[in-house]
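Here is a structure to work through by question and answer.

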Amino acid sequence: MTRLFLLDYGAGNVRSLANSLTALGYEFEWIQSTDDFHKADKLIFPGVGAFGGAMETLQKSGLTEPLREYINSGKPYFGICIGMQVLFASSTENPEIAGLGVIPTPIEKFDPLPDRPVPHMGWNGVQFVDEAHKAREAAQTGLSEDLSYYFVHSFRAAYDPSPSNPSSSWAHSVTQYGQSLFLATVRKGNVFACQFHPEKSGPAGLQVLKSWLDAPISAVNASGPVQTVSKPLQPRPRDGFTKRIIACLDVRSNDAGDLVVTKGDQYQVREKPTSSDTTQVSTSGEVRNLGKPLDLTTRYYTEGADEICMLNITSFRNSPLSDQPMLAMTSAACARIHVPLTIGGGIRDLVEPDGTKRSALEVAGAYFRAGADKVSIGGDAVVAVEQLLERKAKGEPALTGQTSIESIARPYGSQAVVVSIDPLKKYVDDSWEFGPVPPEDELIHAATALSPLPSEKGTGKKWTYLCTMHGGRTVRPLTALQLARGVEELGAGELLVNCIDRDGQGNGYDLDLLSLIRKNVNIPVVASSGAGAPQHFVDVFDKTGVESALAAGIFHRSQVAISDVKEALQAAGILVRKV
Ligand code: 1PR
């Protein structure tokens, strides 16, 4: 029997790969010692995070040489993301640390790209390099030029087809981001590796894994196919980067103590009391229950959500890690879905009831081990940016390395850290009570606003957006833009921009808020709050340039299907992932 081994270097989301293998019906073992490399017939090295961290951990564990020997032995190797990058000689991410050097050129950071933030995070297409043998390569690797795959990375192997490039014969397929082409897969002899995450690429990714797993060992050895470089590929006028549609589940315990998906109107998640309610209890209103988290997660995966987000919305009260149903929920959800999952709520330093202190990094680590791909930080990011601005005002160094954003981004990478903003619209008029009025470039004027409310049209009103904490209960004198810029500086990899005024209203996203933030940061932005119809998604992508759009209520209530949204986007010429 073929013995399949997985190499886990300690950081990142190996649980998702394990779940995908189980879903495909494969058994596997973990590399525990150097001897295991000899026992392995096939080896997969998955990884996210930093190149240097991965290489250092391999080195410290004495695994670098055994891994190199394994690869040189001609036995099948499948590298995923960092598992592909370590094959290269080095990376500008950590220039002082050498890679395995199987492929003799470096990994480099993306050059700045207009309208294309880094990390490259989302679904993108591939193009085979060896055009003459496309059909063979598609059949053998399960890769398709008609489908999209999930990428998340800030560094890449450039596509350089010149004959003087010693790595050009490794190039198997490329992906285009903006006008930049980089290697999506490398393939030579017994080595196959991809920059994207097949375990997070839905059915398309599972097919890539399955093709490799199903291939008889005899078909994959050192004398396997070598790419013949035909005509060098040129960037196309438009890349294949799609807009992402995210289904969001706000999760909390109801009054009976069960974890339910709820959905508020402007963050009020309790039903309004009916006029016949006379008791004290009934007038407080039940927590709205729109379904079970696992049922909805599975449904959205099947219906084609590009990503799923689960937020524990009452975590600001008390959410010790030792009693955290969200952790069990994360594990169970990850076993069922093969697209990225973000978990939020309660990601901060905390103290357990027995007095044990837990760092935000520990809390996040528990979610990553359970299978989450990203964690989302809310209230703690507000505190972190307020302190950052205070340090700057005093002329002190801005970064301390101590914030939850920095401490999680260091080992897991920026792409794993989302910041969720809960802004509230505030009119700048005589009633303004939040300290100095924000500068003009942070103010929206009704006369030129992209999405004014009916009551604002034709008025001289102007407004800004202030951050809140504790589910909108605490308003801080910090603007959403200050927060966005601050968390980017601290190393967050993505922004989830809610808007309390629009939440649950179904009258469209706040295009002014989203456009303001999109124009001023260079990390991906997720639009949230207010989706009520497919046209709202078209508008938010067309008018603000955000990378993804999230919705909750319309999906939970089956008012609009994810496929309706994607059809409307396609009809408007906006690229989306086909399922
Ligand atoms: O502060 O790190 O513990 O994180 C708490 C998290 O919980 C934050 O991400 C915060 O946004 C979220 N949260 C807190 N209270 C509420 C609430 O609703 N009472 N939910 C809440 C925020 C925002 C979206 C939402 C969209 C789309 N939910 O996820 O579902 O607004 O809704 P729509 O499409 O129906 O309009 P911490």
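Q: Where is Lys-272?
A: This is a predicted model. In it, Lys-272 sits between strand S15 (259-262) and helix H8 (280-283). The stretch that holds Lys-272 is a loop.

Q: Is Lys-272 buried or exposed?
A: The count for Lys-272 is 10 other C-beta atoms within 10 Å. A residue with 12 or fewer is exposed. Lys-272 is therefore exposed.

Q: How far apart in space are Lys-272 and Gly-285, C-alpha to C-alpha?
A: In sequence, Lys-272 and Gly-285 are 13 residues apart. In space, C-alpha to C-alpha, the distance is 5.6 Å.

Q: What is phi of Tyr-267, and where is Tyr-267 placed?
A: Tyr-267 lies in the loop between S15 and H8. Tyr-267 is not a glycine, yet its phi is positive. The value is about 75 degrees.

Q: What is phi of Ser-558?
A: Ser-558 lies in the loop between helix H17 (553-556) and H18. With 9 C-beta neighbours inside 10 Å, Ser-558 counts as exposed. Ser-558 is a residue other than glycine, and its phi is positive, near 55 degrees.

Q: Which residue with positive phi follows H3?
A: Helix H3 covers residues 51-60. Its buried residues are Phe-51, Gly-53, Ala-54, Met-55 and Leu-58. After H3 comes a residue with phi near 70 degrees, Gly-62.

Q: What is omega of the peptide bond from Val-118 to Pro-119?
A: Pro-119 is in the loop between strand S6 (103-109) and strand S7 (120-124). The bond from Val-118 to Pro-119 is cis. Its omega is near 10 degrees.

Q: What span should helix H7 have, at 1.5 Å a residue?
A: Helix H7 runs over residues 202-214, which is 13 residues. The expected span is 1.5 Å times one less than the number of residues.

Q: What covers the buried residues of H7?
A: The buried residues of H7 are Gly-202, Ala-204, Gly-205, Val-208, Leu-209 and Trp-212. Helices and strands both take part in the cover. It includes helix H1 (14-23), helix H6 (134-141), strand S4 (77-81), strand S9 (149-153) and strand S13 (191-194).

Q: Is Leu-495 buried or exposed?
A: Leu-495 is in strand S26 (residues 494-497). Its count is 28 other C-beta atoms within 10 Å. The cut-off for buried is 20 or more. Leu-495 is therefore buried.

Q: What is the C-alpha to C-alpha distance from Leu-495 to Ile-517?
A: Leaving aside neighbours within four places in sequence, Leu-495 is in contact with several residues, including Val-419, Ile-421, Ala-484 and Ile-517. Leu-495 and Ile-517 are 22 residues apart in sequence. Their C-alpha atoms are 9.1 Å apart.

Q: How are helices H9 and H10 oriented to each other?
A: The axes of H9 (residues 293-303) and H10 (residues 325-336) come within 10 Å and cross at roughly 25 degrees. Angles under 35 degrees count as roughly parallel. H9 is therefore roughly parallel to H10.

Q: Which residues of H10 meet H9?
A: H9 passes H10 in a right-handed crossing. From H9, the contact takes Pro-293, Leu-294, Thr-297, Thr-298 and Tyr-301. From H10, it takes Met-329, Ala-332, Ala-333 and Arg-336.

Q: What is the orientation of H16 to H18?
A: H16 (residues 534-544) and H18 (residues 562-571) have axes that come within 8 Å. These axes cross at roughly 50 degrees. That makes H16 to H18 oblique.

Q: How many residues of each class make the contact of H16 with H18?
A: H16 gives Pro-534, Gln-535, Phe-537, Val-538 and Phe-541. H18 gives Asp-564, Val-565, Ala-568 and Leu-569. By class, the contact has seven nonpolar, one polar and one charged.

Q: How many charged residues does the contact of H15 with H16 have?
A: H15 (residues 511-520) packs on H16 at about 40 degrees, with the axes 9 Å apart. Leu-511, Leu-514, Ser-515 and Arg-518 in H15 meet Asp-539, Val-540, Lys-543 and Thr-544 in H16. The contact has three nonpolar and two polar residues, and the charged ones number three.

Note on methods:
Residues numbered from 1 in each chain as written. Predicted model: local features only at pLDDT ≥ 70, side-chain atom pairs only at ≥ 80, totals over all residues. Helix = DSSP H or I, 4+ residues; strand = E, 2+ residues; numbered from the N terminus. Contact = placed C-beta atoms within 7 Å. Axes fitted to C-alpha atoms, helices over the stretch in contact; angles between N-to-C directions. Parallel < 35°, antiparallel > 145°, perpendicular 65-115°, else oblique. Nonpolar A, V, L, I, M, F, W, Y, C, P; charged D, E, K, R; others polar. Left-handed = near helix turned anticlockwise from the far one by under 90°.
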